[in-house]
Amino acid sequence: MKIVGLTGGMGSGKTTIAHMFKKLGVAVYIADSEAKKLIQNSPEIHMKLIALLGEKVYENGILNKRFMAEKIFNNPDLLESVNAIVHPKVKEHFSQWANRQKGNYVIKEAAILFENGGYRDCDSVILVTAPKKIRIQRILNRENITIDAIEARMKNQWSDTKKKKMADIVLENISLESTHLKVEKIHKKLSQNY
């Protein structure tokens with residue numbers, strides 16, 4: 001079973017593209033969603049996050065996302081510490097999930113696949129890109145957030161220029177119609193190669 005990484009900056013549309021692959025019959029693992037489940041349900045992660053960030057990180061057993069975001073997004077060291085707690089668990093969970101899948105390849109969608117070294121576990125990586133202006137507008141449309149907050153989060157991710165040097169496939173996602181055709185073409189190529 002081959003592993004294809006799918007990554008891109010905030011608002012690039014990587015989750016939309018992941019769903020396009022899913023409709024084509026490819027097993028897709030959304031690392032961010034699975035990480036949120038693990039953060040919520042793993043007693044080990046609970047204990048470590050409370051030790052790192054304090055009791056307020058969970059309210060009545062539920063992750064206080066706003067508190068956590070405020071603590072980590074302008075503090076690269078704290079963000080790195082949180083990632084060091086969560087990412088090994090996500091990696092282990094993904095490995096168990098991938099072993100249960102069928103097909104030529106699976107997709108692992110992850111926002112910071114390059115930044116956290118997860119790309120090393122992939123046979124190839126698709127990078128989803130879009131102009132910054134479009135990305136910001138997409139985020140504003142889906143979240144109650146300011147442009148300053150978006151840009152602060154974007155600073156924690158590598159630039160597309162840096163990621164392009166490491167990606168096997170670069171998929172520019174501006175229009176859904178043309179992106180869908182690109183995804184079908186990539187799927188056909190990956191199915192033949194694997």
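Author: Let's start with handedness: a crossing is right-handed if the near helix is turned clockwise from the far one by less than a right angle, and left-handed if anticlockwise. Helices here are DSSP runs (H or I, at least four residues), numbered from the N terminus. Keep in mind that this is a predicted model, where local features need pLDDT of at least 70, side-chain atom pairs count only at pLDDT 80 or more, and totals for chains, interfaces and linings use all residues. Residues are numbered from 1 along each chain as its sequence is written, and side-chain values use heavy atoms, with hydrogens and water left out.

Now find helix α1, residues 14-23, and helix α9, residues 176-193. Their axes (lines fitted to C-alpha atoms over the stretch in contact) make an angle, on a scale from 0 to 180 degrees between N-to-C directions, of about 50 degrees, and lie 10 Å apart. That makes α1 oblique to α9; under 35 degrees would be roughly parallel, over 145 roughly antiparallel, and 65 to 115 roughly perpendicular. The crossing is right-handed. From α1, Thr16, Ile17, Met20 and Phe21 touch Leu176, Thr179, His180, Val183, Ile186 and His187 of α9, where contact means heavy atoms within 4.5 Å. Sorted by class, that's six nonpolar, four polar and no charged residues; Asp, Glu, Lys and Arg count as charged, Ala, Val, Leu, Ile, Met, Phe, Trp, Tyr, Cys and Pro as nonpolar, and the others, Gly among them, as polar.

Next comes helix α5, residues 76-99, which α4 meets at about 125 degrees, with the axes 7 Å apart. So α4 is oblique to α5 as well.

Glu44, Ile45, Lys48, Leu49, Leu52 and Leu53 of α3 face Leu78, Ser81, Val82, Ile85 and Lys89 of α5. Seven of these residues are nonpolar, one is polar and three are charged.

Conventions:
Helices (H or I, at least four residues) and strands (E, at least two) are DSSP runs, numbered from the N terminus.
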